Amino acid sequence: MTQQRRKPRAFKGQQQLREWRLSVICNFKNLMMPKTCLPPTGMPPLSALEIRTSKPTSQRRSLGNWSRNADSDKTELLAGQRKSAAFWTFEYYQAFFDVDTYQVLDRIKGSVLPLPSKNFVRLYIRSNPDLYGPFWICATLVFAIAVSGNISNFLVHLGQPQYHYMPEFRKVTIAATAIYSYAWLVPLALWGFLMWRNSKVMNIVSYSFLEIVCVYGYSLFIYIPAAILWIIPIEWVRWITVLVAMCLSGSVLVITFWPAVRDDHRRIAIATISAVIILHALLAVGCKAYFFDAPQIEVPGVSGSIASVPRFC
Amino acid sequence: MAEVDEASKPLFAGLSDVSISEDIPVEGEITVPVGSPSHDDEYSTLDEPVKETILRDLKAVGKKFGHVMYPKKSTTLLRDWDLWGPLLLCVTLALMLQGGSADSKEDGGPQFAEVFVIIWFGSVIITLNSKLLGGTISFFQSLCVLGYCILPLTVAMIVCRLVLLGGTGTASFIVRFIVVVVSFGWSTFASTAFLADSQPPNRKALVVYPVFLFYFVISWMILTFSPSHSDGATDTGP
């Protein structure tokens, strides 16, 4: 059985059908209590894959949390349930931050350089979804957009006498709302949609909510350097940056979600992927349009300046 | 015989037989032996003058300021944490960031509440982040360290306001920029000097990065502070 490509297969008997049902239930359970159960079949033990592709410091990682590795070894052997903390304890949330520096950097690299054969979730995340990346990448992006927008507006309006520089702190709140809702609500909707389709169509590949949040969070990383490049007040540079960033992060999303929907009806699959891409594009273009004023070439008196202060005479 | 007596009788059985006649006066002084006077003083500071109490706390805060300005790996900040210093610094910084373009009706600089929320909420989030990643530092110790390390940035704010009194041209911007960058580096370096030891070794960068982002945001607020008085508002005249 190849571990690299997932092909849809017909169930050869009751046992395989039962195992498929168990894997769906496991995904539900894994949403509430992470890694409580491993899907019994079909999902290869991906720790082997990850160890092969990541740096040889996996030993260091296993030393660092050897108890968790010992647990997971036992679980793979017994294929049973593992005790996990209840959701009101601190340890439950610590499980989402169980990443080392090199793992986060690997995931970021994987999100910036998508390759069609490398499914981001399967390669980097399947064994260990984390919340560190999505949260802090979104925070950095919020501040990158707000600060770059401010600098770029200052440069664009430099020399215009009516323009009085203002830090425009409100925009940070707006940027934060937009980006955090995109990074958390869209995965929620997508996860719900995929779960619903999974119940109708037999589909082996299904992602847990945390994995979808991870993909979205890491795919936003490319916008951070893009936001910094948007400071340059030249329109065509900005549009090229938008297109390149959208292509890279959009392709990460498409490569991740195509296997999950391709077994569905053709139209629904295409509609889902298009919705993912359109929302992504909307975020990029919306941020660029709202936070970054277009460089103006007209006479300063004609174009209304964005921020005009009533002058004290 | 005594052993047999002890073994057979229950404890204190003989006490009920004791009777006190009225002739023997049962009175006297019962004094609890005090250990040492200084041991007693540490726990009852109620009797000392108020000035001493306040000065003690102020000295502790001042000592910690000194540790931040000359950061070396010491556990003083961590061991005796207090939140007076961070509160003082936060209020000072928030007050000094007022009086800017906030007077205008458009959105300008951050309001007092915004600065307050950013500093405290940001510190709480960074502390939670470090604890979730497996740090051994306690919640309030981390808040204490992050708050005290805002001191260089507060000093930079004071310097910037003084520089702005002299005008808002390019030269003043360059001076302010250099001052803010230096104090940002100082703050980040000081806080990592205190926090570094309590983190797991292969996650240090993951813990330091949010601290960097936090001080970067505060530095940005300081650098973009622009006064509202019209003498320095624009470079070119009307």
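What share of residues 112–133 of chain B is helix, and how far apart are the end C-alpha atoms? That span is 95% helix and 0% strand, with its end C-alpha atoms 32 Å apart. Helices here are DSSP runs of H or I with at least four residues, strands are runs of E with at least two, and both are numbered from the N terminus.

Some ground rules. This is a predicted model, in which local features need pLDDT of at least 70 and side-chain atom pairs count only at pLDDT 80 or more, while totals for chains, interfaces and linings use all residues. Residues are numbered from 1 along each chain as its sequence is written, chains are lettered from A and ligands numbered from 1 in the order in which they are written, and side-chain values use heavy atoms, with hydrogens and water left out.

On confidence, the model scores ipTM 0.72 and pTM 0.71. Chain B has a mean pLDDT (the predictor's confidence in each residue, from 0 to 100) of 79, and 76% of its residues reach 70 or more. In residues 229–238 of chain B the pLDDT is below 50, and beyond near neighbours in sequence this stretch has seven contacts in the model; a contact means heavy atoms within 4.5 Å. Where pLDDT is low, predicted coordinates should not be read in detail.

Chain A next. It has 13 helices and zero strands. Of its 313 residues, 50% count as buried, meaning under 20% relative accessible area, with exposed over 50% and partly exposed in between (1.4 Å probe, protein chains only). Among chain A contacts between residues at least 6 apart in sequence, 78% join residues at least 24 apart.

The unreviewed UniProt entry lists "transmembrane region" for chain A at residues including 208–233 and 268–291. Such annotations may be inferred rather than shown by experiment; positions follow the numbering used here, and feature names are shortened. Residues 268–291 of chain A are 100% helix, with end C-alpha atoms 34 Å apart. Residues 208–233 of chain A are 69% helix, and their end C-alpha atoms lie 41 Å apart.

For chain B, the unreviewed UniProt entry gives the "transmembrane region" label to residues including 112–133 and 207–225. Residues 207–225 of chain B are 89% helix, with 29 Å between the end C-alpha atoms.

Finally, B:Val181. It lies in helix H9 (residues 170–195) of chain B. B:Val181 counts as partly exposed because its relative accessibility is 42%.
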